[in-house]
Amino acid sequence: MRKISVLLFLAWVGFLFYAGIALFTSGFLLTRLELTNHSSCQEPPGPGSLPWGSRGEPGACWMASRFSRLVLVLIDALRFDFAQPQLSHVSGEPPTSLPFLGKLGFLQRILEIQPHHARLYQSKVDPPTTTMQRLKALTTGSLPTFIDAGSNFASYAIAEDNLVKQLTSTVDSGEWDVLITHFLGVDHCGHKHGPHHPEMAKKLSQMDQVIQGLVERLENDTLLVVTGDHGMTTSGNHGGDSELETSAALFLYSPTALFPSAPPEEPEVIPQISLVPTLALLLGLPIPFGNIGEVIAEVFSEVEDSQPHSSTLAQASALHLNAQQVSRFLHTYSTAAQDLQVKELHRLQNLFSKASADYQRLLQSPQGAEAALQTVITELQQFLRGVRAMCIESWARFSLVRMAGGAALLAATCFLCLLVSQWAASPGFYFRPLLIPMAWGLTGALVCAGLLATTGLKLDSVVLGAMAAVGSLLPFLWKAWASWGAKRPLAALLPMPGPVLLLLLIRFAGFFSDSFVIAEARAAPFLLISLILLLVAQLHWEGKLLPPKLLTIPRLGFLTPAGPPRHNGTHALGLGVGLLLCIRLAGLFHRCPEETPACSSSPWLSPLASMVGGRAKNVWYGACVGALAALLAAVRLWLRRYGNLKSPEPPVLFVRWGLPLMGLGTAAYWALASGADEAPPRLRALVAGASVMLPRAVAGLAASGLMLLLWRPVTVLVKAAVGAPRTRTVLTPFSGPPTSQADLDYVVPQIYRHMQEEFRGRLERTKSQGPLTVAAYQLGSVYSAAMVTALTLLAFPLLLLHAERISLVFLLLFLQSFLLLHLLAAGIRITTPGPFTVPWQAVSAWAFMATQTFYSTGHQPVFPAIHWHAAFVGVPEGHDFTWLSALLVGTNTFASHILFAVGCPLLLLWPFLCESQGPRKRRQPPGNEAEARVRPEEEEEPLMEMRLRDAPHHFNAALLQLGLKYLFVLGIQILACALAASILRRHLMVWKVFAPKFIFEAVGFIVSSVGLCLGIALVMRVDGAVSSWFRQLVLAQQKAGEQSSLVYTGAGSSAREAQSHLLPPCSQDLLASGTSLFYNSKS
């Protein structure tokens, strides 16, 4: 019941954080209202007569169609400079040549040979530059809001009125009228190799041949449009708002003359959504209802008519239709929603009314009104551009009430974690009060929500979840504060050492500065190194590095030393130096944010397939395979060190044979992925198939290993033998002859007892039979062995989702964790029988290391830095499993959060595991002081992690305390991001820095909280399996009906007689049935 209470309480705390995040997000990242209205030919966009060109013509809609057919070629990630000629020249600088320049040479030849038939534009893309949002803009003419970036995955249809829907509902001639092609090769090549790789030049050359083939086959009534949905960064990614990401190419071509003049020297910059109304009117279609784009006026000029008045009137007619449609949308939208600025809306409507009246007046007398038409065109363009600017600003408005409520809920939940974590550390803590107020609060919140729903009040799920969270949180806080918190001083609620509190405050304040957020890849290792130096200083101040008589420095808020050190000074200093070295090496794998142009990203983050030199690629491949082998060897050596590799249990057998198979599969996949482009044509299909199956096989093996671990988590080796165990007497070293009677009294009894035990052993060996002795090995490290095995199994699928050279970072990650755990264990005092605590400096260092690993694996909290190539690992080309792609990309992004959250219980287990590194004196039973003076000193085999079972109540309380502390450290980070985003919501960098940081921290918190619960659940599963194992052994012994003893061994190779007051409660039953118990971790 206690285990279930701990998991339920942690899940409830996670729900409180989720409710606060959702409530804040609903007020910060607003989505605009999507209207379901549709445009049609039967309903003109506004009052007044239609343009003169559409009167009486068959098939005419709002405007007579100029083209009967359309060929739309969408080249994903076609950046604008990909369409530039070979040499790009900047005045004052020498010409520079890039691999991708000049590869679309056919476009340049068309622009030179037929200047009135073709035009190249620089299409300005609105962020976010994700594919789904760009496709939505290219078909609806609308502006996707920031939160719509989440629909880049699992988006199947566009609900709003769009150009494709108008084509399918209006055009029906029996033959093909529209051909739309979407080429993904350039985008995939950018994600895999980057724009400067020779493969990009090859892919662009292929696209050039496709365009040339289309142009040669076009008929006179067909319009060709070649465009990119977005650009890409220098690393081949996209999603943000940098210049390279928002700059796409747009090419228009017609076999007949389309433009009245030659193209300008510098291509014109137009908004991307301007293509939607332009294509609609050129094809004789209604403009989509929600469009706010502006038509490209020059394509509506009368090229064959020598009268400039006709061209100007045609442009004015197209712009007026466009403005009428936008005005109708504004009227409908402002009626349904209230998020448009009223004052600006009235000003724009007045501007449109004036321009529309002038236009209608000029239609009555069109002759000799060239200057007036130009004025109307200018006014209509001002209206359309003003509407677009107003919508961009209005759809970024915030709900301050929801933002404040979400931040307050996050702050209250952080206070709850702090309060209960301190409560759980007290000796009088009990679990029942955790669930009662929580259950009552949730019940009351659900009843309140039900009443509101029945009364007809409309509340969305976010508000209902927030109500449930607040309704359950307030009663609990009141009960906890009244029963425990009010009885203690306020300073007791902040028990963390002063330096640790200072580092947490520095990190909290850093989220309010865009410079610190941008430079967090350097700030996080700095804070981690500072904390490590403080840990080493703490060991020094507590007398664990120097003799106490040499200590003269005050302790600066650290806990006072208690107990002898378990590590010598050289060992602790070596751990600290090794840890600092690993952090420095991991920092070599870094990606520079685009705001720091002077910084250069590490070239080791790119996949091996992007390397050109074969010899260098082979060397790096060998280094990656070596890192993989070193990781496997380190795990096996660790398990062998503590004896867990000798168990015949299925998980241990899987570690022996399954892990090497996973390593071979990973190495083989790396070899295929790095040389896929160099494979012979006959083998490319085989290589492609193997590249899909190998990651699946590795992931399947990892899942099988985890299932075996959950099924049989106790890796214990049991041996049965005849004969009773003996206590090994340890002779204390004595140099020189005895010099006093006290020396004789000390040494002679030891020699006598040793001779007595030897003689007793000979007598026992002469007996024909003896009591059955059952020896159980590896119980001293049973929890840690399961955790290390689980983390290793998780690491392999995560490693496959990263570039090959990130395997070196994973090796450093495991080494860092090992060194940090040993360094933390050196300063943690083991109290028996409890309560057990994990200090704040340990939890803070663990959280800092998770952040540092996030950056060391080449990630940044911005959308352009997402490793999109992970979406193609283990999945065939052309698949439609969008949910799987999202899962793979998310797992790649938050791999460090997963590993550190699942491995968080090691902070509690490792100090007990390190107990084997120092001898302990046997504890004498009370009342035997006289015998203790006579009996020699005997070496007590350490119980290690079995000490946690001495007090199951304190064990579960320690797991709860650990989980709450970790959630608190993560919670103050998401709270800081929320406060920074709300306070700086009008900051210039809010959508570039603070909003993405909040999103990444929120998703990272959700992933970490789930991983933390899974890690604690795994420890509890092992604990339950150990209890079940003891019960089965008792039943087996009782069923056998014979005298027997159990040897439950400790950390050394020798056994000792068990004392009943040192054993777990379940082992007391064994002693009550006449069974002796011994502890060890290896045979």
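Q: Which side chain does K136 meet in a polar contact?
A: In this predicted model, the side chain of K136 is joined to that of E34 by a polar contact of 2.5 Å.

Q: Where does K136 sit, and is it buried or exposed?
A: K136 belongs to helix α3, which spans residues 131-140. Its relative accessible area is 9%. The cut-off for a buried residue is under 20%, so K136 counts as buried.

Q: Which strands does β4 pair with, and in what sense, parallel or antiparallel?
A: β4 and strand β7 (residues 247-253) run antiparallel and are joined by 7 bridges. With strand β8 (residues 269-271), β4 pairs in the parallel sense over 3 bridges.

Q: What about the nonpolar cores; how many residues are in the largest one?
A: The largest nonpolar core has 179 residues. Those with the most contacts inside this core are F28, L907, L960 and Y966.

Q: Which helix supplies the largest share of this core?
A: Helix α29, residues 952-983, supplies the largest share, with 19 residues.

Q: And which residues are in the second core?
A: The second core is separate and has 68 residues, including Y121, L250, F259 and F383. As general background, nonpolar side chains in soluble globular proteins tend to be buried together.

Q: On to the cavities: how many are there of 30 Å³ or more?
A: The count is 8 cavities of 30 Å³ or more. The largest cavity has a volume of about 210 Å³.

Q: Which lining residues are closest to the centre of the largest cavity?
A: The lining has 17 residues, and T851, H897, Q973, E1001 and G1004 are the closest to the centre.

Q: Which helices supply at least two residues each to that lining?
A: α24 (840-856), α29 and α30 (990-1040) each supply at least two. Of the lining, α30 gives the most, with 6 residues.

Q: Switching to cysteines, how many disulfides does the structure hold, and which residues form a disulfide?
A: The structure holds 1 disulfide. C592 and C599 form this disulfide, with their sulfur atoms 1.8 Å apart.

Q: Why is the disulfide of C592 and C599 called left-handed?
A: The torsion about the S-S bond is about -45 degrees, so the disulfide is left-handed.

Q: What is the relative accessibility of C624 and of C904?
A: C624 has a relative accessibility of 0% and counts as buried. C904 also has 0% relative accessibility and counts as buried.

Q: One more residue: where is L78 found, and is it buried or exposed?
A: L78 lies in the loop between β1 (69-75) and β2 (87-88). L78 is buried, with a relative accessible area of 3%.

Q: How far apart are L78 and D187 in sequence and in space?
A: L78 and D187 are 109 residues apart in sequence, while their C-alpha atoms are 7.7 Å apart in space.

Definitions and conventions. Residues numbered from 1 in each chain as written. Predicted model: local features only at pLDDT ≥ 70, side-chain atom pairs only at ≥ 80, totals over all residues. Heavy atoms only, no water. Core = buried A, V, L, I, M, F, W, Y, C linked by side-chain atoms within 4.5 Å. Buried < 20%, exposed > 50% of the residue type's maximum accessible area, 1.4 Å probe, protein only. Helix = DSSP H or I, 4+ residues; strand = E, 2+ residues; numbered from the N terminus. Disulfide = S-S within 2.5 Å. Polar contact = N/O pair within 3.5 Å; in protein donor to acceptor, adjacent residues only side chain to side chain. Pairing = 2+ DSSP bridges. 1 Å grid on protein atoms, 1.4 Å probe; cavity = no way out; pocket = protein on both sides within 12 Å on 5 of 7 lines; lining within 4 Å. Points joined across faces, edges and corners; volume = space filled by probe spheres on them.
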